[in-house]
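Open the model in your viewer and keep the sequence panel beside it. Each stop below says what to select and what is there.

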Amino acid sequence: MHAFVRRYLDLQSSVIRAILAEFFLQLVHNAFFLLANFYMSREGYSDSFIARVLSLRFLAILAFSLPLGLLVRRRRLLPFLRAGSILMPLGYALILMSIPRHSEAMMGVGNVLVGAGFAMIQVLIVPYILRHEKLRQQAHAIALSFANWSTTTFLLGILFYVLNHARSEALPESLLLAIITGVSCLGFVTLMGPLEDKPSCEHDAGKAMALKDYEWGLIIRALTPSLIIGIGAGLSIPFISLFFKHAFDMGYEDFSLISSAATFLVTVGSLYGPQVLERFGYGPAIVWSQSLAILVLVLMGVSEYFAPSRGALMLASFCYLLRQPLMNMANPIVSELTMNLVGPRNREMTSALKQALWAASWFLSSQLFRSLREAGLPFVWVFGSTALIYAVGVIWYARLIRDYEQRVLPQERVAS
């Protein structure tokens, strides 16, 4: 245990501060994930409208991600990270103000600002880590960054449940969201002051790359499974709260508690992911865990047939608890695998494209979700479709791992 903790304590101070800033921004991002759907539904918004609004955010992330990848190739990253830490709280504040006013224009502007800020943070955080962290510590730094999502969701879930425990009426979502939005401004504060900010990796210094200089075939092959998994994820993840609300009449405080427990397991899984990788290899760390997650997701969808019985709720909650860590613990490992596969010269572009493709897939799948719900189809169709899409992505990951272990890993061992 001591050695495990020491690996994280030995991270570079600049990297730790960048990850801490990401923590505060994930805090507001996940607060809206937990509460906004409940708030908008209570204010009279339909599921299809909520899906349409969320799709604007994904479209904005898509629009900003690829230009970022081109723009930051030989530039310092801190100015962009700082800009993102301002745009995200500002955008969420506009969204919060627009909901009771039913101002679609203000809501749209807020989602564009959130999308731009989120793209800056998510596209650049891994390249920043790779520029400033020692090689042997990079997997742990990436794992800590990925754990931000699950850690913040865990803390928020506990907070929302405790604040509403034994209360006759739950605190209004708008109040909680306003407080968290204010707290998220600490992300910008954390990034102020002296921080290490190298313009590029040493072996890239002085080199300018045109579009034709990137290894596009390798990049596309490495990112294809992320696109496939993203389509499946965007079809279900943003709307799981609506599933529990409609199928089991669950309030936001109970959903927050379940999400908190699930994401605690995600945090543990993410932080121990590098140890799983070192001991068992990429296959068990990625393919096996995500295959089990697919089976659990199907069971969660089936539980809707037995709603609103207590047994169905217990089954759905248990499946949600298992699905989250099984599907997400592999994310930092997948990120490291992808970056190693494409090589240093393609990293910034790959990171930008990965975020762009993820946003594009979530945009497309949110439209599919809207169509399914407008057609009156139950959530079991949503989760079943997600499981089929996930299965294709996991099979592709298995092929990608085989390619990496046969072609790239032997060269890395020789070089080391």
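Start by selecting residues 331-342, which form helix α14, and residues 347-374, which form helix α15. This is a predicted model, and in it the axes of α14 and α15 lie 9 Å apart and meet at an angle of about 135°. Angles over 145 degrees would count as roughly antiparallel, and 65 to 115 as roughly perpendicular; α14 and α15 are therefore oblique to each other. The crossing of this pair, α14 and α15, is right-handed.

Now show the side chains where the two helices touch. On α14, select Val-334, Ser-335, Thr-338, Met-339, Asn-340 and Val-342. Their partners on α15 are Arg-347, Thr-350, Ser-351 and Lys-354. Coloured by type, the residues of the contact of α14 with α15 come out as three nonpolar, five polar and two charged.

Next, move to another pair of helices. Select residues 47-71 for helix α3 and residues 104-132 for helix α5. Their axes come within 7 Å and cross at roughly 40°, and that makes α3 oblique to α5. The crossing of α3 and α5 is right-handed.

To see what forms this contact, take the α3 side: Phe-49, Arg-52, Val-53, Leu-56, Arg-57, Ala-60, Ile-61, Phe-64, Ser-65 and Leu-68. The residues of the contact of α3 with α5 divide into 15 nonpolar, four polar and three charged.

The next stop is a single residue. Select Ser-145, which lies in helix α6, residues 138-164. Is Ser-145 buried or exposed? Its relative accessibility is 3%, and buried means under 20%, so Ser-145 counts as buried. Which residues is Ser-145 in contact with, leaving aside its neighbours within four places in sequence? Select Ile-19, Glu-22, Ile-125 and Ile-129 to show them around Ser-145.

Finish with cysteines. A disulfide is a covalent bond between the sulfur atoms of two cysteines. How many disulfides does the structure hold? The number of disulfides is zero.

Terms used: Residues numbered from 1 in each chain as written. Predicted model: local features only at pLDDT ≥ 70, side-chain atom pairs only at ≥ 80, totals over all residues. Heavy atoms only, no water. Axes fitted to C-alpha atoms, helices over the stretch in contact; angles between N-to-C directions. Helix = DSSP H or I, 4+ residues; strand = E, 2+ residues; numbered from the N terminus. Parallel < 35°, antiparallel > 145°, perpendicular 65-115°, else oblique. Left-handed = near helix turned anticlockwise from the far one by under 90°. Contact = heavy atoms within 4.5 Å. Nonpolar A, V, L, I, M, F, W, Y, C, P; charged D, E, K, R; others polar. Disulfide = S-S within 2.5 Å. Buried < 20%, exposed > 50% of the residue type's maximum accessible area, 1.4 Å probe, protein only.
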